[in-house]
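Please look over the sequence and the structure shown below before reading on.

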Amino acid sequence: MHNNSDKQKDQVFRMTGVDTRKCMKCGKCSASCPSFNEMQYRPHQFVDMVTKGRIEELMASPSIYHCLSCFACVERCPRGVEPAVVVEAIRNLAERKQGGTYFSPDEVPELIDGTVPQQALVSAFRKYRK
Amino acid sequence: MVMTFSYYPGCTLKTKAKELDKYARASAEALGIELKELEAWQCCGACYPQSKDEIATRLSSVRALNDAAREGGVLVTLCSACHHVITRVNRDMALKPEIADKANRYLEIDYHGTTEVLHYLTMLRDRVGFDVIKSKVVNPLKGRKIGAYYGCMLLRPSKEMGFDDPENPTIMEDFIRAIGATPVVYQMRNECCGGYVAMKDKAQAKKNVSRVLDNAKNCGAEELITACPLCLYNLNENGDKAMPVTYFTELLAEALGVKEA
């Protein structure tokens with residue numbers, strides 16, 4: 001019988017194709033991360049916590065919104081673990097839950113100041129709601 | 001002989017980043033290239049969907065790629081985000097049947113990643129040649145110390161993007177040399193400016209931006225070039241505005257003498 005944490009692990013694996021057990025804990029991902037100081041859980045911790053099935057904790061952490069999708073961790077991981085892909089899958093899981101959206105159209109009028117490029121809004125909608 | 005390529009401008013190049021588009025078109029014409037805008041392109045979404053079960057968010061790119069396949073098979077992009085998304089979705093269509101099958105069934109097409117996606121810069125390097133550009137420069141930007149800001153999306157993941165060496169890229173510096181200016185190499189040129197949190201977390205964006213701008217300034221850059229409207233916005237909006245940041249196409253048009261055309 002699978003418990004909920006095993007189910008979530010399977011789900012993350014189906015979404016990412018990443019085997020987090022390949023990680024050798026060298027820390028290059030977190031060393032490269034431009035959001036390191038902003039994160040409660042750093043990229044290497046995401047990888048470790050997925051291996052341990054601690055996915056609910058990650059889903060509840062604001063760290064999922066700090067990843068910039070810059071792929072520095074993906075590029076520099078010697079084992080091909082792709083931490084940014086793992087972070088995004090967990091963010092997707094959080095956003096797909098009812099009420100899980102992090103960016104609402106109601107916020108847009110206040111942000112528009114004549115300089116904001118469409119790209120910024122489009123990408124915020126893509127990243128922060130499902 | 002005029003080379004003709006399909007062209008995907010993307011949402012921002014029609015609005016807030018008109019200069020990126022305008023100078024690219026003027027310069028292409030001066031270099032003997034016809035950029036044929038796809039008739040019915042849709043916004044790429046500006047974010048590559050990394051999860052394999054995200055299909056709908058890939059469809060606009062697939063449509064553009066499929067249209068380009070029927071019109072010569074080469075698609076030129078210019079915005080870093082469009083290039084990133086379209087290049088990676090193209091690879092998915094070639095290499096990931098679980099994605100390609102669903103997208104093809106939904107769109108009722110049969111597309112498998114055959115279109116070649118070129119960024120405007122790779123078009124300049126590989127199809128025109130920086131030596132040819134140099135010979136067509138009428139107004140060399142002599143004495144200008146320009147830092148290339150690569151950002152993230154053009155380079156990474158390098159295995160998929162195949163744009164340049166992800167850690168020690170040279171294409172933008174070679175471009176700067178071709179238009180007669182002096183490239184300034186600085187460490188943060190390929191680290192992220194934090195553009196994606198520019199809307200939701202200005203404090204973080206400001207930190208990321210100052211890391212890039214301070215480093216560029218300390219290394220001697222007097223201005224920066226970029227291909228990305230989000231980088232340009234973020235570097236200007238969340239920086240101290242002391243460092244001019246422009247689109248690389250504007251400087252190309254200036255050097256080729258077509259900026260006012």
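Predicted model: local features only at pLDDT ≥ 70, side-chain atom pairs only at ≥ 80, totals over all residues.

Residues are numbered from 1 along each chain as its sequence is written, and chains are lettered from A and ligands numbered from 1 in the order in which they are written.

Chain A has eight helices and zero strands. Helices (H or I, at least four residues) and strands (E, at least two) are DSSP runs, numbered from the N terminus. Read from the N terminus, chain A runs α-α-α-α-α-α-α-α. Its C-alpha trace spans about 50 × 35 × 25 Å along the principal axes.

Of the 130 residues in chain A, 47% are buried. A residue is buried if 20 or more other C-beta atoms lie within 10 Å of its own, exposed if 12 or fewer, and partly exposed in between, with C-beta atoms placed from the backbone. Two residues are in contact if their C-beta atoms, placed from the backbone, lie within 7 Å. Among contacts in chain A between residues at least 6 apart in sequence, 69% join residues at least 24 apart.

A:Asn37 gives an example from a loop, the one between helix H2 (28–32) and helix H3 (43–51) of chain A. Is A:Asn37 buried or exposed? A:Asn37 has 10 other C-beta atoms within 10 Å and is therefore exposed. Its C-alpha atom is separated by 9.9 Å from that of A:His66, 29 residues apart along the chain.

The contact between the chains takes 34 residues from chain A and 34 residues from chain B. On the side of chain A that touches chain B, helix H1 (4–16), helix H5 (72–76), helix H6 (83–96) and helix H8 (118–128) of chain A each supply at least two residues. H8(A) gives the most to this side, with eight residues.

Chain B contains an open sheet of four strands in the order E2-E1-E3-E4, with parallel pairing. Two strands pair if DSSP finds at least two bridges between them. Strand E2 (33–37) and strand E4 (116–119) of chain B stand at the edges with a single partner strand each, so one side of each is left without a neighbour in the sheet. Neighbouring strands of this sheet are turned by 40 degrees against each other on average, direction ignored. Axes here are lines fitted to C-alpha atoms, for helices over the stretch in contact, and angles run from 0 to 180 degrees between N-to-C directions. Strand E3 (residues 74–77) of chain B is joined to E4(B) by four bridges, and B:Leu75 stands opposite B:Val117 in E4(B).

B:Ile33 is buried, because 21 other C-beta atoms lie within 10 Å. Leaving aside neighbours within four places in sequence, B:Ile33 is in contact with B:Val2, B:Met3, B:Phe5 and B:Ala28.

In helix H4 (residues 97–107) of chain B, the buried residues are B:Ile99, B:Ala100 and B:Ala103. They cover an arc of only 95 degrees around the axis, which puts them on the same side of H4(B); the arc is that of the directions from the helix axis to the C-beta atoms. What covers these residues includes helix H2 (59–69) and helix H3 (80–95) of chain B. The face turned away from the buried side of H4(B) carries the exposed residues B:Pro97, B:Glu98, B:Asp101 and B:Arg105. Just after H4(B), B:Glu108 takes a positive phi of about 55 degrees.

Helix H9 (residues 202–218) of chain B has 17 residues and should span 24 Å at 1.5 Å a residue, which agrees with the 24 Å between its end C-alpha atoms. The expected span is 1.5 Å times one less than the number of residues. Buried residues of H9(B) include B:Gln204, B:Val209 and B:Leu213. The buried residues of H9(B) fall within an arc of 155 degrees, so they line one face of the helix. Exposed residues B:Ala203 and B:Asn218 are on the face turned away from the buried side of H9(B).
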